[in-house]
Amino acid sequence: MELRQLRYLVAVVDEGGFTRAAARLHLAQPGLSAQIRQLEKELGQSLLDRSGRSVTPTEVGRAVLPYARAALAAADAVRQTVDEHTGLLRGKVTLGLVSGATAHAFDVAAFLADFHASHPALEIALTEDTSERMQAALLTGGIDVALLGPTTEEAPAGLSYRTVVDVPLGAAVAPGDPLLDPADRTAVPLAELRDRPLICLPRGTGVRAAFERGCARAGFRPRVAFEAASPQVLAQLAARGLGVAVLPLGEEGDGVGGGLRALRLVGDGLRARIVLARPAAGPTSPAARALLHRLGGALPDVPGNAGAGSPV
């Protein structure tokens, strides 16, 4: 009996058939079937019922499965323990990233290249999604660590945040817009956007959530005419006079390009934040812990993080 045969058995049961199990294991189906039959021959019992539309374990197979899973878990634990002592990380780690999350913070491509160079045996995955979906994925284990724009003012139960970007929200407007009167204006009360067509990031993003909370506090519902996932597209639409773009600004209110003027929005809680998010109990795998530690050292720290459950 070999560990790989037990791994194959578990895969066939989990997938409900040889075809899907072979694809998952990156094996040819005839070779997989032959290995399972060899295991059954060695044990002298049939472990799988192949008579139905899906493959299911026999009574003996059901009795064997818990021990097969335990044997595989023990073997993985032995390998992981040795790797930890030798400094070699294996497995897979997934970083979630909201689009444009690190424009103010760091070069994600350079960071991942350096991290891969330090841990060449580790499979690193990068996924982009909305902040809302990434928060859910962190709670279910779909991703290990994420840079996201929080959609709530406090971290949801089960998650911990460390703020790495905290900048004001602004209104980007084309020349000649009434919001630019007087000409030396640098800020605008949120209430002045009450009846204006607005161009925003979609729902599920931190910027949109913060903006809508601010509008609710100001007593109105925003009139969103256009949505786009890219801040650059928002600015392009505003430059064509299609509305006022709501965008994160630099702390100095720097320009947004395209001939637009940026005015800081004045109102309660009108900030765009990017946080380093992880499960509150901490990452479970050594690979995820290594990624979190390296990210914590690469990203800037924002005043006010102390005592807020910083992940590093």
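Predicted model: local features only at pLDDT ≥ 70, side-chain atom pairs only at ≥ 80, totals over all residues.

Residues are numbered from 1 along each chain as its sequence is written, and side-chain values use heavy atoms, with hydrogens and water left out.

Helix α8 spans residues 231-239, and its buried residues (under 20% relative accessible area, 1.4 Å probe, protein chains only) are Leu234, Ala235 and Ala238. Viewed down the axis of α8, these buried residues fall within an arc of 95°, so they line one face of the helix. Gln232 and Gln236 are exposed (over 50%) on the face turned away from that buried side. The cover over the buried residues of α8 includes β6, β8 and β10, listed here with their residues.

| Strand | Residues |
|---|---|
| β6 | 159-173 |
| β8 | 198-200 |
| β10 | 244-248 |

The second topic is a helix pair. The axes of α1 (residues 3-15) and α3 (residues 29-43) come within 9 Å and cross at roughly 110°; the two helices are therefore roughly perpendicular to each other, a term that covers angles of 65 to 115 degrees. Their contact (heavy atoms within 4.5 Å) is made by Arg4, Gln5, Leu6, Tyr8, Leu9 and Val12 of α1 together with Leu32, Gln35, Ile36, Gln38, Leu39 and Glu42 of α3.

Note on methods. Helix = DSSP H or I, 4+ residues; strand = E, 2+ residues; numbered from the N terminus. Arc of directions from axis to C-beta. Axes fitted to C-alpha atoms, helices over the stretch in contact; angles between N-to-C directions. Parallel < 35°, antiparallel > 145°, perpendicular 65-115°, else oblique.
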